[in-house]
Amino acid sequence: MSLRFRQSLLYGLISCAFAITGCEQKPNTALTEEEDFAAGQALAELHCVACHQLPEPNLLTKRSWDYTLAYMGLFLGIVDFEPLEDEAEYAMGSIQLREEFIREAGLFPDAPVLSEEEWARLRAYYLDAAPEDAIRAIEKPLVVDDETRFRVKPTQYRMESAITSLVHIDEESGLLLIHDSGSEQLTALDRSFRFHDQHPSPGVSLVEAQSVGERLYLLSIGDLFASNIGGRYGELQETRVLDGVFMGLKILVDSLQRPADFAFADLDKNGVDELLVSNFGDYTGDFSIYRRDSVDAPFTSPPQVLSVQPGIVKGDAHDFNGDGFPDVVVMMSAGRENVSVFLNNRDGTFTQQILWEMHPSFGYIGFELRDFNGDGQMDLLTLNGDNGDSDPFNTLKRDHGIRIYLNRGDLSFEEAYFYPFYGVYGAEVEDFDGDGDLDIAAIAYHPDWNASKPEGFVFLEQTDSLEFSATTHPATRGGRWLSIDSGDADGDGDKDIVLGAAYLPVGMRDGHMDTFERLARDGPPILVLENRMR
């Protein structure tokens, strides 16, 4: 699963993302319209780039800019919620809560950074140039319904008002693990998807799991909704699974700041894996490396911190420069959205090289390292679909989707494939059909709810080199999918897919509550898709 929390799960996270707040009056100076616009643009170029790339006005609608500017203005010491007074109560409540969080995090300036006139001019630059309606993604072929590739398998799992933050196929034990962060329970199903075991997990919200032999590692984000700013309630747990029985539980690392992902890698080539933790955080976060002397020894503290940027969604290791030592690739969101490689200097230190950086509404959510063209070079598949933090209206983002970047050597990557996918939230990459190339299964938590058939799940079957056909299973329209995993769930030798649903109103309050209530009432907590392609 990874990223995967995805991300966001990570709704409480708020960070430096666009810039600025709102004031309705226009500056009363004797400038021409062109001069006024240029002055506003110059102010944006001066102040916005302190936190992220300069966003273009057409990235958001006027309505969404009203909210986003009100939110970002708080980071500049400006409180002006007047533009939101006619909005729904949830919008005003949200921005007031964000002000409280920013002040609590110590990020609200002692004095305004801009004068009222400057602020009004900057705000006018965005609002005057913003579109009324969102600019849509590029056209793509319609997704075709298909029930032949996957078959829905019934399960004994039941959960009311599901918040399925984790689904994990443990191929070693033959168990399907499901964690619900509302009821705070970890449930295990057997290979026939019948009830096997259940464990209460008070105060825990599991978002990631990895199986290494009989060891099962579980990552808890701790504070799922970022309701405790600055809180460090996340932890990495370890248990043993012997003959389907969980044997003990211990906490390997605690006091993590809303971690979204973890990985193991032997970075110093001493035979013992280091622990890589992506602390998504809230207004603060980091990417940390923990070390230990042996697999049974405790991790040392404090960890080595490679980045203190909040909003880190995932990290992984691969030797990109061929020197025999793994480097670390890290995806960062929350404003300064980028993918970076930390080159291993082979002496315990690392040097960051940003591969590329995107605008602050890009919404990075995760990545996968796979060789898509079989040239022996590790490529990158990226996902960007986060859409619930600085824009509560779920405005469609034209850049959301799935991208494949081919590794051209010397840390040079070329975008070779793009599948537009509003609100994509997780993906699995496998050779699902057994033809020797890689396919993609992906979910969206923030699809286009105005569409006649909102696209919440897509299966991209690779039919030729980096050419994919898109299908979906109609049963997936019955849920709102937050988590995904793939693996041999039923023991027949191929890769199945499991989807986990989370029925939360975020992103649906604006005109889609009837749809939300229907999904929450009738939608399944999980959906098992049995592979039928082999």
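Start by selecting strand β7 (residues 206-212) and β8: six bridges join the two, and they run antiparallel. Strands here are DSSP E runs of at least two residues, helices are H or I runs of at least four, and both are numbered from the N terminus. Two strands count as paired if DSSP finds at least two bridges between them. This is a predicted model, where local features need pLDDT of at least 70, side-chain atom pairs count only at pLDDT 80 or more, and totals for chains, interfaces and linings use all residues. Residues are numbered from 1 along each chain as its sequence is written, and side-chain values use heavy atoms, with hydrogens and water left out.

**Stop 1: strand β8 and its partners**

Pick Glu-208; its bridge partner in β8 is Leu-219.

Select Leu-216 to find its bridge partner in β9, Thr-239.

Colour β8 (residues 215-220) by accessibility. Six of its six residues are buried. Buried means under 20% relative accessible area, exposed means over 50%, and partly exposed lies in between (1.4 Å probe, protein chains only). In a regular strand the side chains alternate between the two faces of the sheet. Which residues of β8 lie on each side? Arg-215, Tyr-217 and Leu-219 are on one, and Leu-216, Leu-218 and Ser-220 are on the other. Both faces are covered.

**Stop 2: the loop between β16 and β17**

Select Ser-333, in the loop between β16 (327-332) and β17 (337-344). Ser-333 counts as buried because its relative accessibility is 3%. Its side chain reaches the backbone oxygen of Gly-311 at 2.6 Å. That is a polar contact: a pair of N or O atoms within 3.5 Å, where within protein one must be able to donate a hydrogen and the other to accept it, and residues adjacent in sequence count only if both atoms are side-chain atoms. Leaving aside neighbours within four places in sequence, Ser-333 is in contact (heavy atoms within 4.5 Å) with residues including Phe-280, Gln-309 and Tyr-364.

Step to Ala-334, in the loop between β16 and β17. Ala-334 has a positive phi of about 60° although it is not a glycine. Ala-334 counts as buried, at 13% relative accessibility.

Arg-336 lies in the loop between β16 and β17. Is Arg-336 buried or partly exposed? It is partly exposed, with a relative accessible area of 26%. A polar atom of its side chain lies 3.0 Å from the backbone oxygen of Val-49.

**Stop 3: Cys-48**

Select Cys-48, which is buried at 1% relative accessibility. A search of the whole structure finds zero disulfides (cysteine sulfur pairs within 2.5 Å).

**Stop 4: helix α3**

Show helix α3 (residues 89-104). Its 16 residues should span 22 Å at 1.5 Å a residue, and its end C-alpha atoms are 23 Å apart, which agrees. The expected span is 1.5 Å times one less than the number of residues. Among the buried residues of α3 are Met-92, Ile-95 and Phe-101. The buried residues pack against α2 (62-73). Just after α3, Gly-106 takes a positive phi of about 75°.

**Stop 5: Asp-448**

Asp-448 sits in the loop between β24 (439-444) and β25 (457-464). It is buried, with a relative accessible area of 11%. Its side chain makes a polar contact with that of Arg-136 (3.0 Å).

**Stop 6: two backbone details**

Find the peptide bond from Ser-301 to Pro-302. It is cis, with omega near 5°. Pro-302 is in the loop between β13 (286-290) and β14 (304-307).

Then select Arg-258, in the loop between β10 (245-256) and β11 (259-265). Arg-258 has a positive phi of about 50° although it is not a glycine. Arg-258 is buried, with a relative accessible area of 0%.
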